Each structure stands twice: as structure tokens, then as C-alpha cells.
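This report describes a protein model by its helices, its sheet, its nonpolar cores and a few local features. The sequence and structure are shown first.

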Amino acid sequence: MASDVESLDILVDKYHLLRNEVGKVIIGQDHVVDSLLLSIFTGGHCLLVGVPGLAKTLMVNTLARALGLSFSRIQFTPDLMPSDITGSEILDENRHFRFVKGPVFANILLADEINRTPPKTQSALLEAMQEKSVTVAGHSYPLEAPFFVLATQNPIEQEGTYPLPEAQLDRFMLNIMLDYPSFDEEMDIVRQTTIERDDDVQVVLSADDIVKFQSVIRRLPVPDNVVSYAVALAAATRPTKEGNSVAAKYLSWGAGPRASQYLVMGAKTHAALSGKYSPDREDVDAVADEVLRHRLVRNYYAEAEGISTESVISELKMSVRNV
């Protein structure tokens, strides 16, 4: 049986192989792919925010193929019902109720345009995301490990959308922003997608491998000063904290304890994928924007002055680091 150090070395090799396999299909978006893999090896869920046409669905599907995981996609619409996600009981030919599983029963669930469906249907994912199970008609059905929800959201078009409840937003480990490709990347995209080609994506890891690597990462030792920095950074976002001028000036709501947990777990995974056996403060900083940005609510002053959430997080990091 491989030691944790040997397992981490294997993980780094597999990580680079995964990047190469995804690169056969996805051009550019390196940071997005890195963040998705980080969340998968951490065991967290992701919210992907970007305009249509940036290959979000293709990216997630390609990752699922390279990871050897089952994949399903739900197009969220205003008339979507909770049973369309979880499944429902039907009366079979023998007049017995039988549970028919919904698309949530997959390793990777892509919730496309999650903010287009009402909160009642959005909340159908809450139990699955937190408890890794689904309850229908009083019966609980476990979801197969590993299980990830990768939800997409259009940041521009707001007509006919419903804001995600804070409880559900908090269950997403990362909020990943997708940007347009560079000119050269777009040239490559157009060249490669306007010809006939066969993208042979190889399976690099299995579901069992991912679960094992998740366990190894959880056992990674974390120095007290790194934990202290992560907790202090999350606490610094709360405007009620005495003497915190940054949060009091720009924020009306801050991050809860789950943010501290995700900062530490994200730092562990970032360190492991970078070939390190223990995280440091730089690893916390590397994941801070994506862990915190959807947990902070800017106040009227910040919005009026055009102060972005990322700018606030940058100031908070500086203030905590200098204490």
C-alpha cells in the first residue's frame, strides 16, 4: 500500500496527465480547468459564471470523460420541477410504487443556468449537495461517491432569472469566473472546431482513485499559522467585526465558518497539486478569491463607487497579512 507521500506524487503525475487530456478538447481556460480539478479533488461543488459560448458544458463533459465518471446535464428552466432533478415514484404494472432515479444520480451533475428556475426547484439540490443523498416519499437514497454539482450562471442576462438562495450559494465551494479567450486562443478554437476531427480523450483516473486521493488530501498536515490566517481572512469579511474598516466600509454581509473550512481545504489541494506536502499562506491566497467572492455582499457605497468584490478581498488579504 502506497504511503501518503507516494500517493501525492502519483496525484501530481495524474494531474498533469488530466490537464493534457482536457487540452485535447479545450483550448485555453487553463485557470478554469485548474479550479475545477481543485474542487473535484477537494470534494466541493462549483459555480461557473460566464456568458454563453465559452464551452462550459464541453469542459465539464470532457473532464468527466477523462476522470472516468458518469455525467448528466440538467437545463434549468422556469417550469422545471424538483422531481425532474431528484426522480419520482411511479406505479408499475404490478401496482407497486417504484422509484425512478433522476439525473442527480451521477458523479458529475451539470446544472446549466441554475438561476433560471424558481428557488423551490433550486433547493432540490440542497440535500444532494450537503448530505450526498436524496429523500423522496420518506425514503433516502444515497448518491454514489464522488458526487459534484457544477452549476453555470449567465452574469449578464437577468430577465427571467431567480437569485440563488444564500444557503445554496454557501454550499458552492468555488465561484469560478470564465472570461473570453485571447485572440490567439480564439484563432486556435476556430481552426480546430471548423474541421472534422476525433478527440480521443483517455481515462486517467477512476471514481475510486478520486475518492482515495480526496482522503489523502484531507490527511495533509496544516500548520497552525495557515489555519489562523484562513480563519482570520474569513472573519475579516464580516462588517460587524470591531475595528475592521475594510469590511465595514464596503460590505453589508461577510463569509461564514464554511468559508474558513473551504479556504483550508482548498489550500491543501492547491499545495498537493503543486507538489507540496503541506500548504502555506500562499496556497490560501491562491484560492481566496474563488472561495469568498460569492459569499460577500457589497454595500451601496461599494456598488456606487464601482469597488469590485475582488478588490475588497485583495484589501482584506493585505490587512490580515500585516497583522
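## Asn299 and its polar contacts

A polar contact is a pair of N or O atoms within 3.5 Å; within protein, one atom must be able to donate a hydrogen and the other to accept it. The model is predicted. In it, the side chain of Asn299 reaches the backbone nitrogen of Ala302 at 2.9 Å. The Asn299 side chain also reaches the backbone oxygen of Lys249, at 2.8 Å.

Asn299 sits in the loop between strand 11 (297-298) and helix 14 (300-304). Its relative accessibility is 15%, so Asn299 counts as buried, the limit for buried being under 20%. Leaving out residues up to four places away in sequence, Asn299 touches Ala248, Lys249, Tyr250, Leu251 and Ser252.

## Helix 1

Helix 1 covers residues 4-23. With 20 residues at 1.5 Å a residue, helix 1 should span 28 Å, and this agrees with its end C-alpha atoms, which are 28 Å apart.

The buried residues of helix 1 are Ser7, Leu8, Leu11, Val12, Tyr15, Leu18, Glu21 and Val22. An α-helix has 3.6 residues a turn, so residues three or four places apart point the same way. The buried residues of helix 1 pack against helix 2 (30-42), helix 3 (56-67), helix 9 (207-218) and helix 12 (257-273).

Five strands form an open sheet in the order 2-5-8-1-9, with parallel pairing. At its edges are strand 2 (71-75) and strand 9 (172-177), each of which pairs on one side only. From one strand to the next, the twist averages 20°.

Within this sheet, strand 5 (residues 108-112) pairs with strand 8 (residues 148-153) in the parallel sense, over 4 bridges. Leu110 has Leu150 of strand 8 as its bridge partner.

## Nonpolar cores

The largest nonpolar core has 72 residues, and Leu36, Phe41 and Leu263 touch the most other members. Helix 12 gives the most to this core, with 8 residues. Apart from this core lies another, of 25 residues, with Phe99, Val136, Ala151 and Leu169 among them.

Beyond its neighbours within four places in sequence, Leu263 is in contact with Ala230, Leu233, Ala234, Val284, Val287, Ala288 and Val291. Leu169 is found in helix 7 (residues 166-169) and, at 19% relative accessibility, counts as buried. Residues up to four places away in sequence aside, Leu169 touches Leu47, Leu164 and His294. Leu169 and Arg295 are 126 residues apart in sequence, yet their C-alpha atoms are 7.3 Å apart in space.

## Backbone exceptions

Most residues other than glycine have a negative phi, and most peptide bonds are trans. A cis peptide bond joins Ala145 and Pro146, with omega at about -5°. Pro146 lies in the loop between strand 7 (139-142) and strand 8.

Gln29, which is not a glycine, has a positive phi of about 55°. Gln29 belongs to the loop between helix 1 and helix 2 and counts as buried, at 15% relative accessibility. Lys132, also a residue other than glycine, has a positive phi near 55°. Lys132 lies in the loop between helix 6 (124-131) and strand 6 (133-136). With a relative accessible area of 30%, Lys132 is partly exposed.

Methods:
Residues numbered from 1 in each chain as written. Predicted model: local features only at pLDDT ≥ 70, side-chain atom pairs only at ≥ 80, totals over all residues. Heavy atoms only, no water. Helix = DSSP H or I, 4+ residues; strand = E, 2+ residues; numbered from the N terminus. Buried < 20%, exposed > 50% of the residue type's maximum accessible area, 1.4 Å probe, protein only. Contact = heavy atoms within 4.5 Å. Expected span 1.5 Å × (residues − 1). Pairing = 2+ DSSP bridges. Axes fitted to C-alpha atoms, helices over the stretch in contact; angles between N-to-C directions. Core = buried A, V, L, I, M, F, W, Y, C linked by side-chain atoms within 4.5 Å.
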